[in-house]
Amino acid sequence: MDDQLAGPWLIAGGYTLALALLLLGGRFDGRRPTAAAVSYALCGILVSETSLYWLSEGSGSAVPGWLWFAFPLVIAALAAWRGYRQKTWTGRLDGSGEPSFGVLPSRGIAVTHASPESVVTAVEFDHNGHRLLGVEYRLGGSAEFPDSSRTADLTDGTYALIQLRTPDVPSVVITPVTGAFEPERFTPLEDARITRNTIGAPKPDALLQRFETGTEFDRRFTVTTSDPEFAEALLTPGVRALFEDDPWFRVREVAFHGGSLWTSEAGTLTEEMMFADSRRLAVLASTVDWEDADFRSVAAGSDTSDAGWLGERRGPLAGLRTPLNRRREAAGRQPLSTLSLVARTVVALALVLPGLALAVNSLTALTGLAPEARLAVTATQRAEASTSSCTSCGNGNLVDGTYELDGETHEVKDLRWMSFGNFPERGDVVDIAVTPLWWHPLIEGKDTGVFLLLIGLAPVLAGALLAKATFRPRPRRV
């Protein structure tokens with residue numbers, strides 16, 4: 001079959017089948033982990049190979065095929081390792097899988113003394129004088145869910161509910177507002193996290209009403225409560241300052257209800273999330289000015305510092321992540337989990353390293369440091385205008401030839417000619433620069449060297465900005 005006819009169908013079919021495998025993996029996730037991992041791995045391989053075919057056919061890319069297979073396999077291995085770690089850390093705790101306090105999510109409502117099918121994992125244990133409960137649950141895609149929750153279920157639908165036991169108090173829900181810092185700050189990433197975290201968060205099974213403090217706090221947070229007098233006593237200046245100054249509270253909904261102080265976050269329940277989020281809840285509990293003796297006992301004797309609360313449970317890369325997050329929080333930025341830190345670092349390196357290699361190669365050609373050779377042209381192909389019979393449209397001006405370097409003869413196939421100078425003909429001999437770094441692109445003119453230098457510097461700049469925003473964030477201007 002003619003590749004030009006089959007190509008678009010192969011590309012569309014590959015991505016469609018990959019999407020089907022992704023959805024299938026989502027259905028298996030949490031119930032059949034092996035089948036989910038296989039589905040995700042096949043999805044990644046199919047996306048990679050479809051992209052490889054598309055790039056190879058459309059732009060003559062020579063990316064090694066093994067890279068396209070290795071990338072999704074590495075991602076699948078990391079996902080499997082993360083699932084294994086989740087099972088092992090809950091087993092190490094001297095806790096219980098049967099909740100004795102708090103709430104469980106059921107059709108978007110936080111209910112007590114229920115065991116809904118949506119709960120995937122539950123672990124309850126004592127830590128630093130507090131009773132903690134972690135619950136992983138799925139929204140389930142029920143038609144009874146609000147539209148926003150059904151949307152979250154389509155994208156993943158997995159959430160974690162971290163709870164700290166308190167005496168029974170009236171219900172209070174404190175929800176961050178998207179766009180609350182505009183126009184002083186532009187926070188699209190924080191707004192996205194607020195939306196992602198809150199659309200799947202359960203709501204108390206109580207009649208709530210809006211409460212306002214009459215301060216700037218009302219612009220940044222929405223408060224609903226079953227008892228306005230209790231909400232007024234709860235939201236002291238110290239508590240309001242904690243919510244406004246700590247970046248963690250800016251993207252997560254916090255609630256008092258059913259003898260529990262809880263927060264909900266999108267994603268699977270991990271050891272790092274369990275202890276990091278519960279520490280923030282303990283900080284909040286210790287900041288509240290409890291009047292009753294039973295209420296004051298919630299925070300008594302609790303060490304909520306990083307070292308005192310987390311101890312040896314700080315997660316992978318703690319030596320790097322802990323001081324980094326201190327700098328980020330001091331600059332008003334969100335703290336990073338291990339996964340977020342690794343993902344940002346990988347993306348930054350993926351931008352900087354190839355771009356830097358291309359920029360260095362271009363500079364060596366422009367400064368005369370790259371070895372020069374004479375290319376004997378054996379065949380050429382000019383780009384043609386789009387016609388119904390065109391077989392080389394979009395391929396650009398291509399040159400085949402041979403050159404000698406260090407006593408060896410090298411063959412060149414489909415060299416893309418980008419110089420604005422005269423396009424060579426068969427039999428011509430032209431000067432080229434053989435650049436030193438992999439993949440050793442051949443540069444045929446100064447104008448091509450400048451063009452490739454600019455192309456290489458663009459991802460270097462983007463990667464450097466991402467690295468700076470990650471590791472050396474600048475304080476936000478207020």
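**Close-up views of a predicted model**

**View 1. Asp-246 and Arg-280 form a salt bridge between their side chains, at 2.9 Å from N to O.** A salt bridge here is a side-chain nitrogen of Lys or Arg within 4 Å of a carboxyl oxygen of Asp or Glu. Asp-246 is in the loop between α8 (237-245) and β10 (254-257) and Arg-280 is in helix α9, so the pair ties together parts 34 residues apart in sequence. Helices (H or I, at least four residues) and strands (E, at least two) are DSSP runs, numbered from the N terminus. Asp-246 is buried at 12% relative accessibility, and Arg-280 is buried at 5%. Buried means under 20% relative accessible area, exposed over 50%, and partly exposed in between (1.4 Å probe, protein chains only). The model is predicted: local features need pLDDT of at least 70, side-chain atom pairs count only at pLDDT 80 or more, and totals for chains, interfaces and linings use all residues. Residues are numbered from 1 along each chain as its sequence is written, and side-chain values use heavy atoms, with hydrogens and water left out.

**View 2. Glu-265 and Arg-193 meet through their side chains in a salt bridge (3.8 Å, N to O).** Glu-265 belongs to strand β11 (residues 260-266) and Arg-193 to helix α5 (residues 188-198), so this pair ties together parts that are 72 residues apart in sequence. Glu-265 is buried, with 10% relative accessibility, whereas Arg-193 is partly exposed at 28%.

**View 3. Arg-219 is paired with Glu-216 in a salt bridge whose closest N and O atoms are 2.5 Å apart.** Arg-219 is partly exposed, with a relative accessible area of 31%; Glu-216 is also partly exposed, at 42%. The whole structure contains 14 salt bridges.

**View 4. The largest nonpolar core has 40 residues.** Such a core is a set of buried Ala, Val, Leu, Ile, Met, Phe, Trp, Tyr and Cys residues joined through side-chain atoms within 4.5 Å. Val-172, Ile-174, Phe-243, Val-254, Phe-256, Met-274 and Leu-284 touch the most other members. Helix α9 (residues 271-287) supplies the largest share of this core, eight residues. Apart from this core lies another, of 15 residues, including Phe-101, Tyr-159, Val-173 and Trp-262.

**View 5. Asn-325 is part of helix α12 (residues 318-330).** Asn-325 is buried, with a relative accessible area of 10%. Leaving aside neighbours within four places in sequence, Asn-325 is in contact (heavy atoms within 4.5 Å) with Pro-335 and Leu-336.
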